[in-house]
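Keep the 3D view open as you read.

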Amino acid sequence: MATETSDIRKVALASFIGSTLEWYDFFIFGTATALVFNKIFFPEFDPATGMIAAFATFAVGFIARPLGGIVFGHFGDRIGRKAMLVLSLTMMGGITFLIGLIPTYAVLGVGAPILLTLLRFLQGFAVGGEWGGATLMVVEHAPNRTRGFFGSWPQMGIPAALLLSSGMMALVGALTTPEQFMAWGWRIPFLFSGVLLVFGIYLRRRLAESPSFRKMKSEGERERLPVVEVLGKHGKKTTLLIACQAAENTSFYVVAVYSLVYLTTVVGIDRGTALNSLMIAAVFCFVAQPIFAALSDRIGRKRVFMGGMIFNGLFIAPFFLFLDTANVFWITAAMILSIVLGQATTQSTQPSLVAEQYTASVRYSGVSVAYQFATVLWSGPTPMIAAALWAWSGTWIPLACYIMAAACLSVLSIVPLREAAGADLEEESNEGALEPASSTRAVHQYQ
């Protein structure tokens, strides 16, 4: 058996790589949905209806995520974080590989979209248990004063996975003709997941169990039904955590998924150019995330997170105006600004902010419920809503209003949450109360 490690740098690196591999599997489906699936799995519909149907399949994965979060969270709080991390990655990689093998509508008829939807549901179930485990392994290993910085490492897997998935699609698209890409080329990025799976499992098996869980286990403090405790004792703050993610989640899937459709079908930009702009933005996001996370260790999670929420609401109209120029420079600039200032700020602080709200005995369940239920409400429906609003109005203005409303909700919801940057993880989260007065109280403890 390989030697296990508790070195925070190695834990953070392994969590980043594992998270990248798992989110690659999830994002590759989104990219394929925007570019391929409406044509090969829903060819009987007109283009607009087919796109909505394809995005509905995409949304099914988000519906499954809370269920996965509850199940993986329960066992993560009962038997350990590490075992659930290995299991979630194995499920995710295997299911993504199978998606690359399923027949299209032309071969299987209506059975093809049904099978695609089923596999997407199982994919969502697996990723539902991923985020909580990956973030807690790092957050619970990290020193108090750098918890935000190291907690951002699994989140860095999001732009890395976006870059990898978009890059794979762009590479295959460049090496095949449009006909070949639609016939079989789109399958290659899904099949590539099988190679990534072996590497990811190897890394995760080398991690030691988190100190918080080991301590909790030795003291016999495990809850019999952690999710019941989360929804009961911690219900108010869990609701606030779900609500405060509205702007981040809706705007991300507008930028990372729906914008590909908008650019290729409305603006008239070719698929490769759209993907290249998104990949460049993902690189900038990857670099910016640890910087914003380290800033949250200094000035507090809530301040950094709230700044990103406000930017998402203010920038959505300029974002579409930049896309409408059909100029590659302005399109890329819009992608970079939106993903860096609107997403890197929020994604980087999310693990530490959410984890610091819960006690160790329910933390896996708590962060999974808060994060995954937010994806059902805000992430999954967004591309479908965007496509429907465009089909209804013929303009992006209603969609921009939707994002602005989500930003207002996020800002109002984050204010009552506790600020625990720099504080001891277990002491600060013992009762899980909301912030009574100053949002920077814990930060001042060590400045």
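Here, a contact means heavy atoms within 4.5 Å. Keep that in mind for the first stop; also remember that the model is predicted.

Start with helix 14, which spans residues 246–267, and look for helix 20, at residues 397–414. Their axes come within 7 Å and cross at roughly 150°. Angles over 145 degrees count as roughly antiparallel, so helix 14 is roughly antiparallel to helix 20. Who touches whom? On the helix 14 side you'll find Ala 246, Ala 247, Thr 250, Ser 251, Val 254 and Tyr 258. Facing them from helix 20 are Leu 399, Tyr 402, Ile 403, Ala 406, Ala 407, Leu 409 and Ser 410. Sorted by class, this contact has 10 nonpolar residues, three polar ones and no charged ones.

Now for the empty spaces. Rolling a probe the size of a water molecule over the atoms shows where empty space is left. How many cavities of 30 Å³ or more turn up here? The count comes to four. The largest cavity has a volume of about 120 Å³, and 14 residues line it. Nearest its centre lie Glu 248, Asn 249, Phe 252, Tyr 253 and Tyr 371. Helix 1, helix 7 (147–175), helix 14, helix 17 (328–355) and helix 18 (363–379) each give two or more residues to the lining of the largest cavity. Helix 14 gives the most, with four residues.

By class, the lining of the second largest pocket has 10 nonpolar residues, two polar and one charged.

One last stop: follow helix 2 to Ile 63. Is Ile 63 buried or exposed? Exposed means over 50% relative accessible area, and Ile 63 has 53%, so Ile 63 is exposed. Look across to Phe 121 as well: 58 residues separate Ile 63 and Phe 121 in sequence, yet their C-alpha atoms are 7.5 Å apart in space.

How values were computed: Residues are numbered from 1 along each chain as its sequence is written. This is a predicted model: local features need pLDDT of at least 70, side-chain atom pairs count only at pLDDT 80 or more; totals for chains, interfaces and linings use all residues. Side-chain values use heavy atoms; hydrogens and water are left out. Ala, Val, Leu, Ile, Met, Phe, Trp, Tyr, Cys and Pro count as nonpolar, Asp, Glu, Lys and Arg as charged, and the others, Gly among them, as polar. On a 1 Å grid over the protein atoms alone, a cavity is a set of points where a 1.4 Å probe fits but cannot get out, and a pocket is an open set with protein on both sides within 12 Å along at least five of seven lines; lining residues have an atom within 4 Å of a point. Grid points are joined across faces, edges and corners, and a volume is the space filled by probe spheres set on the points. Axes are lines fitted to C-alpha atoms, for helices over the stretch in contact, and angles run from 0 to 180 degrees between N-to-C directions. Angles under 35 degrees count as roughly parallel, over 145 as roughly antiparallel, 65 to 115 as roughly perpendicular and the rest as oblique. Buried means under 20% relative accessible area, exposed over 50%, partly exposed in between (1.4 Å probe, protein chains only).
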